[in-house]
Structure formats: structure tokens, C-alpha cells
Amino acid sequence: MGLGGMLLVLWLLDPADEVADELLELVRANLRNPANDLMWGTPGTLLIAQELRRRTQDERWAELASETREALLEARDENGLWPNVLHGEVYQGLGPFHGAVGNELVLRLEDLGPLLRETAVVEDGLANWPGAYGDRLLGDDGQIPLQWCQGAPGIVTCAASYLDEDLLLAGAELTWRAGPHGDEKGASLCHGTAGSGWAFLKTFERTQDEQWLERARRFAVHALEQTQRLRKARGRGRYSLWTGDLGVVLYAADCLDARSQYPVLETLD
């Protein structure tokens, strides 16, 4: 959120020194952000530092990436979670954007398996997770979230490499049985059909069971049709990565090629 992401895109398109210098100051200024999440806090700016280090081999970026990583690890609490101070609330999120599995993916850690076992709600071979540690599945609106940014699809996607396999399969199966999202949520990566479908790509990567790749591709076809239909209804598209048509296109392309590195969080290539 904010200038950092836009400057990163600008630098990737045209790697000017002055843009890199501005990015360096932004990442440094974000070291103690109390929002310990990908969208606002140090996990997000760690992505910037790591990518600039990889592409430039500049020692300044190596040092700042290390400093940012240490700041993020120091902010972790005794449960292995991060307190997130955001929008006037303090909570220990579990999900990708505002919680632990997203932070772990950026840090390349795999030690949340026991906690995800503890927090899983399992019934009849299906599994889901609350948005934050200690919360109930049922939200204040009377709904149980099941989308990438909150619930099983995001947990499976981000923790697929270390989540106990029975939970991985139970979370992916719940996502499949629930089906694609309706038009209220749409087709997006964040909370729509494409985001849920990513759980199937990750489950395929882990199990090599072709059934999951087929399911991912079926969600992709639905998401593309849904996007086209909503564009016609609105008279325009939506152009953001997380909540718009661009994320759906990336998902569909990854389904075609059976790629399983999640955009931005795992790769900017």
C-alpha cells in the first residue's frame, strides 16, 4: 500500500538510480511499522529490499534486506505470530495479507505447522481457519470467510510446503466443494475465484496429483468468463493486481503452464 509498490514497478520498468535511492529511504523508514503485514509493514518492504538486492547486487540493499528481516523476526511474539496494529485494532492474523503465513512466505520460513494444526477447524475431512488467532470462524456478518485473504485458500497457498498433508488436502477440498465465488466477490486474487484456485495449484505442486491441476484450470476458465461478464456489466474492467483483472490473467497463465510460484510474494519475474 502506498508509494513503495508503485516505485518498485517504476524501477523494474526503468531502473534509474534516483528511484532506487528513494526506495531505499522508504524501506528504511518502514523498519518499525507496527503493522506487521505484507500490505503495510516490514514484510512488504522486505520484498522490495530482497528484489533490489537480487537484481543489483548492491551492498546497500544486502544490508537493508538483512536489517529488515531482523526487525521482522524481532517483532514476532511467543506464539510465533506477529501482533498487527492496523485501523485501530490489534490482532494476531493468520492469513496472507495481514498475518503469519504471508510473513513466513516472504521470510522463507516453514515453522508454523504446529500452530496451523492447533488453529484448524476440521469437520468431515474438510478444514478452514479463522482470520486471526483466537477468533471464531463465524464473522460478525454471520458468514464464514473462505477466500485467499482469509480462510483455507490462503493458508493452503502460503503454507503448502510445510502444512501437514491431511490439512492441506482438507483445506483444498473444502475450497473445491465451495466452488467459485459469486459476482459479489468476483474473480480476483485477493478474495475471488482466482485466489481460491491458487490453493489447487499449490496442492498439485505438493502432491503431483493431476486432479488438482485440472481443478485449478477449471477455476481459471470460470474466473476468465466471470471477468469478461463483469466487464460488460460495468462497462469497464478493474486494473489492479490483487482485486482486478490483471491478477486473474496471471492466474490463468500459471494454470496453463502449471507454474506454482505465487505472484509478488514468491516471484516478480
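A search of the whole predicted structure turns up 11 aromatic pairs, where rings of Phe, Tyr and Trp (its six-membered ring) pair if their centres lie within 6.5 Å; planes under 30 degrees apart count as stacked, over 60 as edge-to-face and the rest as tilted. One of them is F97 with W242, an edge-to-face pair at 4.9 Å centre to centre and 85° between the planes. This pair bridges distant parts of the chain, 145 residues apart: F97 sits in the loop between β2 (89-92) and α5 (100-107), W242 in the loop between α10 (210-234) and α11 (245-257). Helices (H or I, at least four residues) and strands (E, at least two) are DSSP runs, numbered from the N terminus. F97 is buried at 6% relative accessible area, and W242 is buried too, at 16%; buried means under 20% relative accessible area, exposed over 50%, partly exposed in between (1.4 Å probe, protein chains only).

W198 and Y262 make an edge-to-face pair as well, with 5.0 Å centre to centre and 65° between the planes. W198 belongs to helix α9 (residues 193-207) and Y262 to the segment after α11, so parts 64 residues apart in sequence get tied together. Ring pairs join F97, W148, W198, W242, Y251 and Y262 into a cluster.

As for charges, R215 lies over the face of W212, 4.8 Å from the ring centre; the criterion is NZ of Lys or CZ of Arg within 6 Å of the ring centre and within 35 degrees of the ring normal.

Residues are numbered from 1 along each chain as its sequence is written, and side-chain values use heavy atoms, with hydrogens and water left out. In this predicted model, local features need pLDDT of at least 70 and side-chain atom pairs count only at pLDDT 80 or more, while totals for chains, interfaces and linings use all residues.
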